Amino acid sequence: MPMLADPSQKYKPFPPVHLPNRQWPSRTLEKPPRWLSTDLRDGNQSLPDPMSIAEKKEYFKKLVDIGFKEIEVAFPSASQIDFDFTRFAVETAPADVAVQVLSPCREDLIKRTVESLTGAKKAIVHIYLATSDCFRNVVFGLTKEESKALAVKCAKLVRSLTKDDPKQQATEWDFEFSPETFSDTDMDYAVEVCEAVKEAWGPTEDRPIIFNLPATVEMATPNIYADQIEYFATHISEREKIAISLHPHNDRGCSVAAAELGQLAGADRVEGCLFGNGERTGNVDLVTLALNLYTQGVSPKLDFSDINSVIDVVEKCNKIPVHARAPYGGALVVCAFSGSHQDAIKKGFNVHEKKVEAAAGKHVHWQLPYLPLDPQDIGRTYEAIIRVNSQSGKGGSAWVILRNLELDLPRGLQVAFSKVVQQRAEVKGQELTNEELCDLFKQEYYIDYEGDNFNDQTYKLIDYSISTPAKGQKEIEAEIQIDDKIVKIKGQGNGQLSAFNAALSKHLNIDLNVKHYHEHSLGVDSNSRAATYIEVSLKNDNVTRWGVGIHEDVSQASFLSLISILNGLHRNKDI
Ligand SMILES: CC(=O)SCCNC(=O)CCNC(=O)[C@H](O)C(C)(C)COP(=O)(O)OP(=O)(O)OC[C@H]1O[C@@H](n2cnc3c(N)ncnc32)[C@H](O)[C@@H]1OP(=O)(O)O
Ligand SMILES: CC(C)C(=O)C(=O)O
């Protein structure tokens, strides 16, 4: 029996924190936290194949470019690679970037760790010791007093090797202590250990000590983590000499929420990884946290203007793909396949573009259905937003045609073309690429403005001339090709299009009734062309057919629309 009928026999609910005056629920996020990237430490230690030095260098550069000012670069006592890379980071980090490294509470490892930082401009020594009952009993076999004493001893050791060492004065030293498994630690004991560590380190308001309060394992709902953080923040003394840092893991899938509520609860700093790499289900995703702030109008002070290049580095160095549904960065997150989403997005862009035009350079607030962020802000294009498959509707295909061929299809033509697309998508059973969709449109309406040749094109316009036999009258003489034969046709009407229609109808013995005519120009310069769209019905037939024509001359474009209709009727054996 793999799953228990009564799981309470095996799992206990996490107890709530007693915090009746909690303040965090009525606060809002108004500024970014101090960010610490631990991609090169917590992220790296969880990879099947840890990063090479070359990969770490590339990743480090990207983190600096994004704007991280605190970067945990390694666990220097773990391997020569980690030690050597720390040396590289110390030597190349910009003056405003602090290099952080991690060590357990072991004297030999702390000494090696501090050694790796020699000569740094700004360094943060980070030590950790688990404080939960479970870890103390199971992993260390230490009492509460013994654990606290070990933490204090190690804080003093770091102090003597760094800020108290006369030879180390060229470096700005900061110190971080993590009561590991904080999320499962008795709150009063966490505060007690941190008070003792604080006294050992001796922070000031200018150089506060960092207490990093990790959800080493995410144990409960994010509101409980927030309560734990607020409890700590309101019970520790000398709050002004402390930076409270969060380090949420994602075991329950709530790390982003936990980090956001934890900031409301008083945290100043957040540790995590790009796209949530890290132990087990990962560390909190810093891209999501930063862009969540951005979409609330708060600058995160991290720059993801070129998110694709960030993804490239992350995927290459971690050797793990960024999930297609990852918030903001995933390949499919700014992309709609379904008809009603596409329709709403297309309408949203129409309204937005009008607002932008009317605002004449002033700011316009972003309010688009289904798109919480303007994809262009993070270097993603609008072209990829709408993709077409059998779940799509007319709006989706119309968007692709508009963006790729600049043709703004009238609604009736959208409906007609979407039936053609639907049929093709169902046969293919897969997405239609933009190229396939544009080709389908050109074939369906015989648009050969790029010299395309369509095998089933029976009718072609070869030449024509127009005269005005009487006021308000037009006469056309035209040469058209029908299969391999050139024929001359002639007709009159009160306009050029009706004259051409009359000439065709007479020659072919059909009666084309023009129901809709629509035109717009393509391009903005003097060489711009006209696109015309015509819907006709055949006499005694309520089925209509659309034609499309494109030409430098608007009259010729409309003639081509009628020719396009004839070819379509012929293909469907309607004439
Ligand atoms: C939550 C986190 O992510 S913490 C960071 C974890 N990262 C890593 O472990 C990556 C780097 N680690 C390593 O390279 C190695 O584990 C080393 C160099 C630190 C230690 O290696 P080893 O001496 O071979 O020990 P090993 O890894 O087998 O076991 C860990 C030991 O450290 C102890 N330990 C665990 N955490 C701590 C700590 N915070 N402070 C002191 N000791 C600790 C364990 O109790 C165990 O001790 P034991 O050997 O007396 O039973
Ligand atoms: C070392 C600490 C901060 C850690 O990685 C964790 O608790 O997850």
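1. Basis. The model is predicted, with local features requiring pLDDT of at least 70 and side-chain atom pairs counted only at pLDDT 80 or more, whereas totals for chains, interfaces and linings use all residues. Residues are numbered from 1 along each chain as its sequence is written, and chains are lettered from A and ligands numbered from 1 in the order in which they are written.

2. Overall form. The protein chain holds 17 helices and 14 strands (DSSP runs numbered from the N terminus: H or I of at least four residues for helices, E of at least two for strands). Its radius of gyration is 34 Å, well over the 25 Å given by the globule rule for 575 residues, so the chain is more spread out than a compact globule. This radius is taken over C-alpha atoms, and the rule is 2.2 Å times the number of residues to the power 0.38. The C-alpha trace spans about 110 × 60 × 45 Å along the principal axes.

3. Helices α2 and α11. Two packed helices are described by the angle between their axes and the distance between the axes. Helix α2 (residues 53–66) packs with helix α11 (residues 307–318) at about 155°, the axes lying 10 Å apart; axes are lines fitted to C-alpha atoms, for helices over the stretch in contact, and angles run from 0 to 180 degrees between N-to-C directions. That angle makes α2 roughly antiparallel to α11 (under 35 degrees counts as roughly parallel, over 145 as roughly antiparallel, 65 to 115 as roughly perpendicular, the rest as oblique). The crossing of α2 past α11 is left-handed, meaning that the near helix is turned anticlockwise from the far one by less than a right angle; clockwise would be right-handed. On α2 the contact comprises Glu55, Glu58, Tyr59, Lys62 and Ile66, and on α11 Val310, Val313 and Cys317 (contact: C-beta atoms, placed from the backbone, within 7 Å). These residues divide into 5 nonpolar, no polar and 3 charged, where Ala, Val, Leu, Ile, Met, Phe, Trp, Tyr, Cys and Pro count as nonpolar, Asp, Glu, Lys and Arg as charged, and the others, Gly among them, as polar.

4. Helices α12 and α13. Helix α12 (residues 339–359) and helix α13 (residues 394–405) have axes 7 Å apart at an angle of about 50°; the two are therefore oblique to each other. Their crossing is left-handed. Gly339, Gln342, Asp343 and Lys346 of α12 meet Gly395, Gly396, Ala398 and Trp399 of α13, a contact with 2 nonpolar, 4 polar and 2 charged residues.

5. Helices α16 and α17. Helix α16 (residues 496–508) and helix α17 (residues 554–571) cross at roughly 30°, their axes coming within 10 Å. This crossing is right-handed. The contact joins Gln496, Leu497, Phe500, Asn501 and Leu504 of α16 to Ser555, Ser558, Phe559 and Leu562 of α17, and has 5 nonpolar, 4 polar and no charged residues.

6. Sheet β9-β10-β11. These 3 strands form an open sheet with antiparallel pairing (two strands pair if DSSP finds at least two bridges between them). Strands β9 (459–467) and β11 (485–493) are the edges, each pairing on one side only, and the twist averages 20° from one strand to the next. Strand β10 (residues 474–482) is joined to β9 by 8 bridges, with Tyr464 opposite Ala478. Helix α16 packs on this sheet, touching β9, β10 and β11, and its direction makes about 130° with that of β11.

7. Sheet β12-β13-β14. A further open sheet has 3 strands in this order, with antiparallel pairing. Edge strands β12 (512–522) and β14 (544–551) each have a single partner strand, so one side of each lacks a neighbour in the sheet. Neighbouring strands are turned by 15° against each other on average, direction ignored. Strand β13 (residues 529–538) pairs with β14 over 8 bridges; Glu535 has Trp546 of β14 as its bridge partner.

Notes: Two residues are in contact if their C-beta atoms, placed from the backbone, lie within 7 Å.
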